[in-house]
Amino acid sequence: MSSSPSAPGIDPIADAAPLSLCARAPHVPADRLVAEMVPPPRFDSVRFSTYIPDPNQPSQTEAVRVLDGFAGGLGGAHAVGGGKRGFFGFGRAKAPKTPAGPRGVYLDGGYGVGKTHLLASLWHATPAEPALKAFGTFVELTNLVGALGFQQTVQTLSGHRLLCIDEFELDDPGDTVLVSTLLGKLVDAGVALAATSNTLPGKLGEGRFAAADFLREIQGLSAHFHALRIDGEDYRHRGLPAAPAPFSEEQVTKAAYATAGASLDDFPHLLDHLAKVHPSRYGALTDGLKAVCLTDVRPVPDQSTALRLVVLADRLYDREVPVLAAGLPFDRLFSEEMLNGGYRKKYFRAISRLTALARDGKGLAAGD
């Protein structure tokens, strides 16, 4: 599909003009939302054995050990709609009752310490068919409830062995209550849980840990979670060069035309388009893209727009789609007011992920 006109003075190297995200309006059926609740492509091949603990952070090695044991303990049969086996799968099915001991794990750490890597490794290591395991972000889970309805979501997920929730969000009380109620129903059905989240910067030692916030917000579910603290610095900046400076519009446009499967969009127009597409469809919006090229990157004008951009950044990062941009550096996308407000953890995550994707996209401008 070619949806961008040829740019003056550009000799396209790719067979077609660049794609355009603004020309896409995908329809995503509810059954696809369920089927896609697996670790994203970036984490297809991760395992506990591929996680490289920082030798200066023993909590990272300990987390691998505990999670590996947790996965092994989920190997027993799952009794759907009735009695449950013990936590490690032993014993005869009994009438429903509160399981002894934690029924879930919470990975408690700051940005970029590998929590998603570990969560995906847990999903892969759990001895169950993929159809009996679910993996998604907090936003994707709320989108699933919106698409299926609460009762249908409970019924759909109750037969699962494990539900992994990445980036559990504590800044929307309504969604937090919704998901906490859902998780309570799933725990009663015998589903094991695993979750991650990030705390707000400036809290608990410059935003490093969120366990107290998480356990408080999920209220009655807190007894079902064992918190694993994971120390460390953001691996996306560990030993890596500084984020590349933005390129010129000519460089970005030339790279878009030279890269098969790349999109080329004006940043303000893209932000306007995102308002017309439900965030549950942002993954489909990026289907087949090999790179995202953006011109005229400028500050995000308001919080609603900023939150939509965060979701798009997550989907691009999950799918390892490199980004090449002209205009403002990504660390200046969000205003100081946004970075000091209630959604700041999301904005810092977006900056971190877009910066990583910008590093990946740097070679496109050089013709690599």
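This is a tour of one predicted model, stop by stop, with what to select at each stop.

**Before selecting anything**

Residues are numbered from 1 along each chain as its sequence is written, and side-chain values use heavy atoms, with hydrogens and water left out. Because the model is predicted, local features need pLDDT of at least 70 and side-chain atom pairs count only at pLDDT 80 or more, while totals for chains, interfaces and linings use all residues.

**Stop 1: confidence**

Colour the chain by pLDDT, the predictor's confidence in each residue, from 0 to 100. The mean for the chain is 82, and 78% of its residues reach 70 or more. Select residues 79–100, where pLDDT stays under 50. The model has 34 contacts (heavy atoms within 4.5 Å) for this stretch beyond four places in sequence. Then select residues 200–209, where the pLDDT is also below 50; beyond near neighbours in sequence, that stretch has 26 contacts in the model. Where pLDDT is low, the predicted coordinates should not be read in detail.

**Stop 2: helix H6**

Helices (H or I, at least four residues) and strands (E, at least two) are DSSP runs, numbered from the N terminus. Select residues 173–188, which form helix H6. How far apart are its end C-alpha atoms? They are 23 Å apart, which agrees with the 22 Å that its 16 residues should span at 1.5 Å a residue. The expected span is 1.5 Å times one less than the number of residues.

Now show the side chains of H6. Its buried residues (under 20% relative accessible area; exposed is over 50%, partly exposed in between, with a 1.4 Å probe and protein chains only) are Thr176, Val179, Ser180, Leu182, Leu183, Gly184, Leu186 and Val187. Just after H6, select glycine 190, which takes a positive phi of about 95 degrees.

**Stop 3**

Select E6 (262–266) and E8 (323–327), then E7 (residues 291–297). They make an open sheet in the order E6-E7-E8, with parallel pairing; two strands pair if DSSP finds at least two bridges between them. E6 and E8 stand at the edges with a single partner strand each, so one side of each is left without a neighbour in the sheet. Neighbouring strands are turned by 15 degrees against each other on average, direction ignored. E7 and E8 pair over four bridges, and valine 292 stands opposite valine 323 in E8.

Axes are lines fitted to C-alpha atoms, for helices over the stretch in contact, and angles run from 0 to 180 degrees between N-to-C directions.

**Stop 4**

A salt bridge is a side-chain nitrogen of Lys or Arg within 4 Å of a carboxyl oxygen of Asp or Glu. By this rule the count comes to eleven.

Select glutamate 140 and arginine 315, whose closest N and O atoms are 3.8 Å apart in a salt bridge. Glutamate 140 is in helix H4 (residues 138–148) and arginine 315 in helix H12 (residues 303–318), 175 residues apart. Is each one buried or partly exposed? Glutamate 140 counts as partly exposed at 30% relative accessibility, and arginine 315 as buried at 4%.

Arginine 315 also meets aspartate 318 in a salt bridge (3.1 Å, N to O). Both lie in H12, three residues apart, about one turn of the helix.

Finish with aspartate 314 and arginine 353, which form a salt bridge at 3.0 Å, N to O. Arginine 353 is in helix H14 (residues 344–365), and both residues are buried.
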